[in-house]
Amino acid sequence: MSTVGQLNETIDRLAADGARQLLLDLAELTFCDSTGIAAFVRGDNRAAADGGWLRLTGATGRVDRVLQVTGLADVLAYQPDMADPASQDAL
């Protein structure tokens, strides 16, 4: 919750700079609530509006569980160890 503003600003800046494919590495994230989930969805919507996508990787423990329980793992094609989602045929 304390860093979601920073995440939203970074996504907005990257999108403004022309980034269309965003991969967020969540390996060091230890907590995620509805505020974080909303930021991920917002980022994906922002990228999709420009023909791109936002993907997540690296989540563990409780964060991974939140992604699974909320269904966000399916929506954002989450793969815990994805290094280069652009190379995936399904994306």
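**Reading the core, the strands and the charges**

A: Begin with the nonpolar core. The largest one has 16 residues, and those with the most contacts inside it are L26, F40, L54, L56, L67 and L72. The elements that give two or more residues to this core are β1, α2, β2, α3 (61-70) and α4 (72-75). Keep in mind that this is a predicted model.

Q: How are β1 and β2 joined, and in which direction do they run?

A: To read a pair of strands, look at the bridges and then at the direction. Five bridges join β1 to β2, and the two strands run parallel. Q21 stands opposite W53 of β2, and D25 has T57 of β2 as its bridge partner. Together with α2, these strands make a β-α-β unit, and the unit is right-handed.

Q: Which residues of β1 lie on its covered face, and which on its uncovered one?

A: A strand can be read one face at a time. On β1, L22 and L24 form the covered face, while Q21, L23 and D25 form the uncovered one.

Q: Now the charges. What is the general idea, and how many salt bridges does a search of the whole structure find?

A: Side chains of opposite charge can pair when their charged atoms come close. The search of the whole structure finds three salt bridges. In one of them D12 pairs with R42, with the closest N and O atoms 2.8 Å apart. This pair links distant parts of the chain, since D12 is in helix α1 (residues 4-16) and R42 is in helix α2 (residues 34-49), 30 residues apart.

Q: With which other residue does D12 form a salt bridge?

A: D12 also forms a salt bridge with R46, where the closest N and O atoms are 2.9 Å apart. Here too the pair links distant parts of the chain, with D12 in α1 and R46 in α2, 34 residues apart. As for accessibility, D12 is partly exposed at 23%, R42 is partly exposed at 34%, and R46 is partly exposed at 30%.

Q: Which residues make the salt bridge that involves D50?

A: D50 pairs with R20, and the closest N and O atoms are 3.7 Å apart. D50 is in the loop between α2 and β2 (53-57), R20 is in the loop between α1 and β1 (21-25), and the two are 30 residues apart. D50 is partly exposed at 38% relative accessible area, and R20 is partly exposed at 31%. Shared partners are a further thing to look for: they join D12, R42 and R46 into one network.

Q: Why does D44 not count as having a salt bridge with R55?

A: A cut-off decides such cases. A salt bridge needs a side-chain nitrogen of Lys or Arg within 4 Å of a carboxyl oxygen of Asp or Glu. D44, found in helix α2, is buried yet has no salt bridge, and R55, the nearest side chain of opposite charge, is 4.0 Å away. Apart from neighbours within four places in sequence, D44 is in contact with W53, L54, R55 and L76.

Q: Is G58 buried or exposed, and what is in contact with it?

A: G58 is in the loop between β2 and α3. Its relative accessibility is 13%, so G58 counts as buried. Leaving aside neighbours within four places in sequence, G58 is in contact with D25, L26, A27, Y78, Q79 and P80. The C-alpha atoms of G58 and E28 are separated by 8.1 Å, although these residues are 30 apart along the chain.

Terms used:
Residues numbered from 1 in each chain as written. Predicted model: local features only at pLDDT ≥ 70, side-chain atom pairs only at ≥ 80, totals over all residues. Heavy atoms only, no water. Helix = DSSP H or I, 4+ residues; strand = E, 2+ residues; numbered from the N terminus. Buried < 20%, exposed > 50% of the residue type's maximum accessible area, 1.4 Å probe, protein only. Lys, Arg positive; Asp, Glu negative; His and termini not counted. Contact = heavy atoms within 4.5 Å. Core = buried A, V, L, I, M, F, W, Y, C linked by side-chain atoms within 4.5 Å. Pairing = 2+ DSSP bridges. Right-handed = clockwise from strand over helix to strand, strands pointing away.
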